[in-house]
Amino acid sequence: MSHKKKLRSQEWFGGNDKMGFVHRSWLRNQGYPDDYFRGRPVIGICNTWSELTPCNGHLRDIAEVVKKGVLEAGGVPFEFPVMSLGETIMRPTTMLFRNLASMDVEESIRANPLDGIILLTGCDKTTPSLIMGACSVDLPTLVVPGGPMLNGKFRGGEIGSGSFNWQIKAKKDTEEFTDEDFLEAEICAARSAGHCNTMGTASTMATMAETLGLTLPGASSIPAVDARKKAMAQLSGRRIVEMVKNDLKLSDILVREAFENAIVVNAAVGGSTNFIIHLQAIAGRMGVPLELEDFDRIGRHVPLLVNLMPSGKYLMEDYFYAGGLGVVMNELGDLLHGQLMTANGRHLADNYVNARCYNREVIVSRDQPLNPAAGIAVLKGNLCENGAVIKPSAATPKLMQHRGKAVVFESMEDYHARIDEPDLDIDADSVIVLKGVGPKGYPGMPEVGNVDLPRKLTLQGVKDMVRISDGRMSGTAYGTVVLHVSPESTIGGTLALVQDGDEIELDVERRMLQLHVSDEELAARRANWQAPDPMATRGYVRIYLDHVEQADRGADLDVLVGKSGAKVDRDLH
Ligand code: FES
Ligand code: MG
């Protein structure tokens, strides 16, 4: 790490020639003094603020606080917008656009006179898309997570964002829940700025960013509206300037062992299954080898230490007050590589020596885990030759070894049309199979794997059934749900060949997902199988369909894997 390296921004601003004039002069219409361009580190603040991404709606304010810190440390901040992915609104699914947003981030960083980057993240995909894009450039980069909403409060109880949604249909079916009740629950569930307050995908991604060493210590769980969020943002602004001076780049931090740490911590906090796809995509950008099997092998014996929805009971605000990620890190101790460099210039383990647990209901100790083995399980079998995943901590124990007859839905539309038909041949032992929801199928691999159970069965008190698909599920969801089946049905994976009544065996302990249909019969079905028409013939979706990889590879575009660095050889004139 050199202190004397010439600043990248000086390639734009340093010349007293025509191009130096051009680069400086127009920027100065915003009122900057000349010394802004004379060798101070230039920090890009990459903002996913958008009124259409409610979880990131407060990031304009946070950006202003980051700027204070940058200026205090002698840097120069420039805030710029990038594509923002709002989970609850965008159709057909934000996952279709994660890679597009990452391209926006990558090119925006590389094309501009930036020395260091602050990534303002929040809602689910805003974190991986920004980190992926930044990785492909590899400048000094620091993540400022937007933080969760305050606990939802509804009629004297707690209401977790996302997780409550999955109960709505059953509540409407089985309880006296009126339209007015739902209207009231709506505002009670989302009563402050911030992202989902469960250990859903947003909190999972913030946890991942901190574990990888990409945030200041403790940053990941501070509620969006807590004053400490702003203090953290200001300190992050100061710190990124130092990171530029020390040339502490993403590639100095994102080594293989950091990814292994992220897998261990994700198991301990009961993080989202989406974590797998995003972490693999990030590793792919960094050129760090990371296989689907690594998630199972490394996470398998990690205990569940955090009692948060959807695996448990509490919410992110409680977790923050209980001590947050530092407590979890200390409990995990020797299961982590503690001697890794992090963004604040210190080793991971040193960052948390002062962490204390203030609520053992929320964060338990390692010798009394909530679940002795919480890692996400990777399944193999003839139904998923390249793998499938299940989150045991969110599943029903007695269903984790199960044999049942398939009830097949060829698409999401087919499911909606038939699931509540009174004469549908289905019972609690059936296995619901949903096709056409993989990366190419929907397209974009939506979070639909945890489909609602048929009304006639929930009325009988059935709470969970085995469900299998090539889709994802929300990090806020739960159930015995097999996800990410690869290869997906739309490209002719074996999932495409399943028919009503076929016997399927799930054995999580043995990591097995098997379709009990003979090879000859499957070959015959395969010979008759016809690929569906592509979902788009033009535009970004066409590019996406032509290039997206399967779920077991992280679903990045093949042309985006890897990095090109920060260098641009040609000036604009
Ligand atoms: Fe944005 Fe859950 S909807 S984090
Ligand atoms: Mg989500």
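**A buried loop residue and its surroundings**

Guide: Met445 is buried, because 30 other C-beta atoms lie within 10 Å of its own. A residue is called buried if 20 or more other C-beta atoms lie within 10 Å of its own, exposed if 12 or fewer, and partly exposed in between, with C-beta atoms placed from the backbone. The model is a predicted one: local features need pLDDT of at least 70 and side-chain atom pairs count only at pLDDT 80 or more, while totals for chains, interfaces and linings use all residues. Residues are numbered from 1 along each chain as its sequence is written, and chains are lettered from A and ligands numbered from 1 in the order in which they are written.

Met445 sits in the loop between strand 10 (431-434) and helix 17 (455-458); helices (H or I, at least four residues) and strands (E, at least two) are DSSP runs, numbered from the N terminus. Its phi is near 55°, a positive value in a residue other than glycine. Asp247 also has a positive phi, near 50°, and is likewise not a glycine. Asp247 lies in the loop between helix 9 (227-245) and helix 10 (250-253), and counts as partly exposed because it has 16 C-beta neighbours inside 10 Å.

Pro487 is placed in the loop between strand 12 (481-482) and strand 13 (503-507), and the peptide bond joining Ser486 and Pro487 is cis, with omega about 0°.

The domain assignment of the chain gives domain 1 (10-150 + 196-254 + 273-289), domain 2 (151-191) and domain 3 (377-532); such bounds come from an automatic or database domain assignment. The centres of domain 2 and domain 3, taken over C-alpha atoms, are separated by 28 Å. Each of the two gives 8 residues to their contact, where contact means C-beta atoms, placed from the backbone, within 7 Å. On the domain 2 side, 2 residues are nonpolar, 4 polar and 2 charged. Here Ala, Val, Leu, Ile, Met, Phe, Trp, Tyr, Cys and Pro count as nonpolar, Asp, Glu, Lys and Arg as charged, and the others, Gly among them, as polar.

The largest nonpolar core has 162 residues, and Ile118, Ala268 and Val328 have the most contacts inside it. A nonpolar core is a set of buried Ala, Val, Leu, Ile, Met, Phe, Trp, Tyr and Cys residues joined through C-beta atoms within 7 Å. Helix 11 (residues 256-269) supplies the largest share of this core, 9 residues. Domain 1 and domain 3 both give residues to the core, so it lies between them. Beyond its neighbours within four places in sequence, Ala268 is in contact with residues including Val302, Leu305, Val328 and Ala374.

Gly133 and Asp104 are 29 residues apart in sequence, yet 7.5 Å apart in space, C-alpha to C-alpha.
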